[in-house]
Amino acid sequence: MKNATQTEIEEALTCQCGCGLTVHSCNHVQCPSGIPLKREIAAQLGEGRTRAEVLAYFSTKYGEKILSAPTTTGFNLVAWVTPFAAVLVAGAVIVVVSRRWRRPPTVPPPSRPAPIDEARRARLEAELGRFDA
Amino acid sequence: MVDLGLLALRLAFVGGLYAVLTAVYGAWARRPAYARSARHAAYAVHALVAVAAAVLWHALLTANFSLEYVASYASSTLSLPYRIAALWGGQAGSLLFWVLILTTMSTVVHLQNRDRNAALMPYVTATLMTIAVFFLALLVFVTSPFERLPVPAAEGADLNPLLQNYWMLIHPPSLYLGYVGCSVPFAFAIAALVTGRLGDVWIRTTRRWTLFAWFFLTLGNMLGARWAYEELGWGGYWAWDPVENAAFMPWLSCTAFLHSVMIQEKKNMLKMWNMVLVLLTFCLTIFGTFLTRSGVVSSVHSFTQSGLGPFFVAFLLGVIVVVSGLVIWRRPLLRGENEIDSFLSREASFLFNNLLLVGIAFATFWGTIFPVISEAVRGIKITVGPPFFNKVNAPLGLALLFMTGVGPVIAWRRASARKLRRSFAAPLGVGFVTGAVIFAAGWRNYYAVVCFSLAAFVLATILMEFYRGTRARQALMGEPAPRALANLVGKNRRRYGGYVIHVGVVMVFIGVAASSAFRLEEQETIRKGDVVQVGSFTLTYKDIHFTDDPHYSSMLAEIAVAKDGAPVGTLFPEKRFYKKQQQPTTEVALRSTLVEDLYLVLGSYDEATGLMTMIVFVNPLVNWLWIGGLVMVLGTVIVMSPTAAERRALAAALAVEDRGLEAALR
């Protein structure tokens, strides 16, 4: 029976065999990456290190790409914040825009109709006459 | 024979080009004869692509190893169904399969619209054929399925063993139908933009196509999950692999469109937004194809080192530039009668539903491409894996589940306090009670508690809708309850079919929440006769069996299963070793009930010591995920089944638009 910290750390690391799964999920027979990593985690925990220390150890040894999710520091924070920021900003846009939709349409001030020349007036009269007939 | 395939592809490419040019010229010069010729050319392209596909199928079935494609993806021992499926098992073949589906759809669209939509159709032809020409160009100039080997191979390398699973016969075709189906609404959208006919017609003409595409995207995603569950043997079904994401994103934007289009049909609002969603969905399907074929992100699905990436990027950029230009040009015509009276209204709730769907799509997109961004900015490769997607999408997903309950029930325009109470007091009560009960029962996984409470809330709103509708019909028409219910659904298929889909969605949420929150997992290395206890299951390792045939060898562990002490059967988790590819696969053994799945994986077996490693998962309620998928599919069938009212609406829209256009031209 594995302890919970071991499982948690296995979930926080990516298997390097190309399966794209976490170390915990990879179940390749004799996986050249997953199995040694699991052993290494157990060894690290056996030396009394904490979860954070073990993860830091792996990150230093294998590079940051071994972590299964971006860290929450520095530029990586952008990964975490952007989706929520985008939804919040878009939500705010919806609120603002639909408030504008709620207002009754502004009616332009009535302006004096442009004067009509005689030729147009005659044509208008003729067409209206035809329409009535 | 092979030369016939090559010739057919080349002629199809030329025919496609001809169709594009003639259709555009015919529409521009108002010469219907040209549009007709373009249509005929599109039929010819379809026939030629079918010939090419038939030739490749023939080569696969006759194991013609002088073709590189056949030698790479088939073998003499590969069984018939997988030889058929090998057509979409590799790069070039899957592109050919894609064009085959696209041109088949193009033919159906042309037949459907022979006497309809004369103004739109030339541009529909041109758009569909442009897409076909792009894929055909790849097949003719870049990656031919009919490439010959200098010396015919004696034996093929065989299909990847992971693909030798019956889901291979149905998951990729289903997903492709969904992907390619998105091209049809896209083509009509382009035609509507170019011609300025941005009224109801194109929306109503493509409604069923959009549903068709959505139906197959849903099915394709579900089948893919099921395949992963059965074949990969890690106890899960969704790993947020880039290619899974690629299939999930267009599903999300298509779902958003299917919802917001209702607001356009009812209130003539959101015309611009709906246009953007249709265009976005298509772009996401191309982006998805790009992801699988570019090697930009690593994935179990990638056709690695294909070198097709730049072509897809160029095509995608071209599409984005053209559609952006069209949308900006037609902006004045895309202004709807946007009006929102209150945030407590159906209109507003659909806006928020769209926000969440597109938000999840964006989060998924963002996570998928972030490794590339990180490398560009910091020069450091990082991984964005399942923990990221689960953490980011879970809250958005739960909010969406809540909106699933609110959206269909809340009143149009403005919901009064009295109506809100009437619609939501009881369901909210049901939700809270559910939450309280499971919390009291000792559940401490908060996501699961919230998810189950929301699920209860949504189900309650839907049940109330069915109950009220049936009661109303009983009272008004004097029908007995079963007939009233049947008529209620039959006469309002969109609405009640939609509710059925929502019930399916709720089941999916329940299955996902329970199986991820309460999964049991155990790995044991045991000897014959040993007993393993996992949850309420007692598993006894009885024996191990070996089989061997020319295609693969296999070992099966015989495990006697007892639940709460009572024997319930024997399971045989299996490990296969495929000889051509020298690769093992896991064939899990499942005991599936509505309460839980017992999922056994044979990890390894050491002949010298007789030790067998077995991985045991108990996945609670996971079956509801698959049942939910089926219910969604059933609901979509109800929604899609045609009604007379809908035909009348399309006819009316056609008449209005024709009158309007005639008036404008006079």
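This is a predicted model: local features need pLDDT of at least 70, side-chain atom pairs count only at pLDDT 80 or more; totals for chains, interfaces and linings use all residues.
A residue is taken as buried under 20% relative accessible area, as exposed over 50%, and as partly exposed in between.

Over all chains, the search of the whole structure returns 20 salt bridges. In one of them, B:Asp543 pairs with B:Lys528, with the closest N and O atoms 3.1 Å apart. Because B:Asp543 belongs to strand β3 (residues 537-548) of chain B and B:Lys528 to the loop between β1 (520-526) and β2 (531-534), the pair ties together parts that are 15 residues apart in sequence. With a relative accessibility of 25%, B:Asp543 counts as partly exposed, and B:Lys528, with a relative accessible area of 47%, is likewise partly exposed.

A second pair, between the side chains of B:Arg576 and B:Glu587, meets in a salt bridge at 3.9 Å, N to O. Here distant parts of the chain are linked, with B:Arg576 in strand β6 (residues 574-578) and B:Glu587 in strand β7 (residues 583-587) of chain B, eleven residues apart. Relative accessibility is 16% for B:Arg576, which therefore counts as buried, and 13% for B:Glu587, which also counts as buried. Elsewhere, B:Asp200, B:Arg204, B:Glu265 and B:Arg494 are joined into one network by salt bridges that share partners.

Between the chains, 46 residues of chain B are in contact with 37 residues of chain A. The area buried between them is about 3,500 Å², of which 71% is given by carbon and sulfur atoms. Of the area that chain B buries against chain A, B:Phe343, B:Leu355 and B:Thr383 supply 16%, more than any other three residues.

Across this interface one salt bridge is found, and B:Arg378 forms a salt bridge with A:Glu64, with the closest N and O atoms 2.8 Å apart. Polar contact is found for seven residue pairs across the interface. On the side of chain B that touches chain A, the elements giving two or more residues are α13 (346-378), α14 (386-406), β1 and β9 (596-606). The most is given by α13(B), with twelve residues. By class, this side of chain B has 28 nonpolar, ten polar and eight charged residues.

Finally, B:Thr143 is located in the loop between α6 (121-142) and α7 (171-181) of chain B. The relative accessible area of B:Thr143 is 17%, and the residue is therefore buried. When residues up to four places away in sequence are not counted, B:Thr143 touches B:Gln91, B:Ala92, B:Leu95, B:Leu138 and B:Leu308. The C-alpha atom of B:Thr143 is separated by 58 Å from that of B:Ser423, a residue 280 residues apart from B:Thr143 along the chain.

Conventions. Residues are numbered from 1 along each chain as its sequence is written. Chains are lettered from A and ligands numbered from 1 in the order in which they are written. Side-chain values use heavy atoms; hydrogens and water are left out. A salt bridge is a side-chain nitrogen of Lys or Arg within 4 Å of a carboxyl oxygen of Asp or Glu. Helices (H or I, at least four residues) and strands (E, at least two) are DSSP runs, numbered from the N terminus. Buried means under 20% relative accessible area, exposed over 50%, partly exposed in between (1.4 Å probe, protein chains only). Contact means heavy atoms within 4.5 Å. Buried area is the accessible area (1.4 Å probe) that two parts lose on being put together, summed over both. A polar contact is a pair of N or O atoms within 3.5 Å; within protein, one must be able to donate a hydrogen and the other to accept it, and residues adjacent in sequence count only if both atoms are side-chain atoms. Ala, Val, Leu, Ile, Met, Phe, Trp, Tyr, Cys and Pro count as nonpolar, Asp, Glu, Lys and Arg as charged, and the others, Gly among them, as polar.
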